[in-house]
Amino acid sequence: MASSSLSTTERRGIPGAQFVEDVETYLTQSGLDVNSALSFLQERLQQYKLVEMKFLAQQRDLQAKIPDIEKCLDVVATLQAKKGTAEALVADFEVSQGIYSRACIEAADSVCLWLGANVMLEYSCEEATALLQKNFNNAKASLEVLVADLQFLRDQVTITQEAQNASKR
Amino acid sequence: MQQGGGSEAEVTWEDQQNINKFGRLNNRFHELDDEVKIAKETNENLEDASNELILTDEEVVRFQIGEVFAHVPKEEVETRIEQMKEASSKNLEKLEEEKDSVLAQMSELKKILYGKFGDSINLEED
């Protein structure tokens, strides 16, 4: 007699979906009748959807942050390169939307990094590069974990939907 | 992609894993599609930029670094754009390759799953 394999692994607080191979065994095991089992599965699907929304939002945030960090790294690298040539860097920057002003940046030993929460700290170019690189790596790593979580989540959703279909039959 | 309610075929754990894998590949395929579009656009923009550069007489070009436009001599800008174009084309190639591999895996899985479930499963795009 076919049995349901219990692969209720958990991942970062997300309950794993139980794979249902044989509906009868599943129902006797959980002690539910068909309707309660169906509503339980439906509830699980809602929970999964909520967590998915949260993860997708986090993913969007990270995907926006990563290009920003790359731009900062670019700027610091350019400043460092210019430092060697003893030339001032002339740049046009935006003062307000559509209005630009010229800035003359002398050889820079240090840069100021905006850390958030109204805090800005001065760093030497090397320290700044190191810090930005670290942030960049962390962001990339978090994004990878998030993507893996999303995949796990979608798998659980698929398994739960299968269980629903099996029970409806 | 849906799993229909066919009453003959039982879904084994292996089948479930295949279905899951297909779902993941499908998602990845859509993401890759978008990424390829963006990479192609970037490539085009860089082409246009380098063409404009050839036509301009100015010695100093305002090159965007981060949020500011730095005044950079024309040759340096040319070099930079060449580098960016190379990086961008390599990226595009990599994405296209991944897309092809994903499509190939998806067709394999389709064969297996349609073989077992026939009409009770729908693996096409809606």
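This is a predicted model: local features need pLDDT of at least 70, side-chain atom pairs count only at pLDDT 80 or more; totals for chains, interfaces and linings use all residues.
Helices (at least four residues) and strands (at least two) are taken here as DSSP runs, numbered from the N terminus.

In chain B, the record of an unreviewed UniProt entry places a "coiled-coil region" at residues 29–112. A salt bridge links the side chains of B:Glu96 and B:Lys40, with an N to O distance of 3.8 Å. Because B:Glu96 belongs to helix H2 (residues 74–117) of chain B and B:Lys40 to helix H1 of chain B, this pair ties together parts that are 56 residues apart in sequence. Over all chains, the structure holds 19 salt bridges.

In chain A, strand E1 (residues 89–96) and strand E2 (residues 99–105) pair in the antiparallel sense. Seven bridges are found between E1(A) and E2(A), and A:Glu94 has A:Tyr100 of E2(A) as its bridge partner. Two residues separate the strands of this hairpin, in which A:Gly98 adopts a positive phi near 85°. A further antiparallel pair in chain A is formed by strand E3 (residues 110–116) and strand E4 (residues 119–124), joined by six bridges. Within this pair, A:Cys112 is opposite A:Glu122 of E4(A). The hairpin of E3(A) and E4(A) likewise has two residues between its strands, and A:Ala117 takes a positive phi near 55° there.

Strand pairing also extends across the chain boundary. E1(A) is joined to E3(B) by two bridges, and the two strands run antiparallel. Here the bridge partner of A:Ala91 in E3(B) is B:Ala70.

The interface between the chains brings 24 residues of chain B into contact with 23 residues of chain A. The area buried between chain B and chain A amounts to about 2,300 Å², with carbon and sulfur atoms giving 50% of this value. Three salt bridges are counted between chain B and chain A. One salt bridge is formed by A:Asp92 and B:Arg62, whose closest N and O atoms are 2.8 Å apart. Seven residue pairs, with both members at pLDDT 80 or more, are in polar contact between chain B and chain A. On the side of chain B that touches chain A, two or more residues each come from helix H1 (13–55), strand E2 (60–65) and strand E3 (68–73) of chain B. H1(B) gives the most to this side, with six residues. By class, the side of chain B that touches chain A comprises eight nonpolar, 11 polar and five charged residues.

Technical notes: Residues are numbered from 1 along each chain as its sequence is written. Chains are lettered from A and ligands numbered from 1 in the order in which they are written. Side-chain values use heavy atoms; hydrogens and water are left out. Contact means heavy atoms within 4.5 Å. Buried area is the accessible area (1.4 Å probe) that two parts lose on being put together, summed over both. A salt bridge is a side-chain nitrogen of Lys or Arg within 4 Å of a carboxyl oxygen of Asp or Glu. A polar contact is a pair of N or O atoms within 3.5 Å; within protein, one must be able to donate a hydrogen and the other to accept it, and residues adjacent in sequence count only if both atoms are side-chain atoms. Ala, Val, Leu, Ile, Met, Phe, Trp, Tyr, Cys and Pro count as nonpolar, Asp, Glu, Lys and Arg as charged, and the others, Gly among them, as polar. Two strands pair if DSSP finds at least two bridges between them. UniProt positions are given in the numbering used here, feature names are shortened, and annotations may be inferred rather than shown by experiment.
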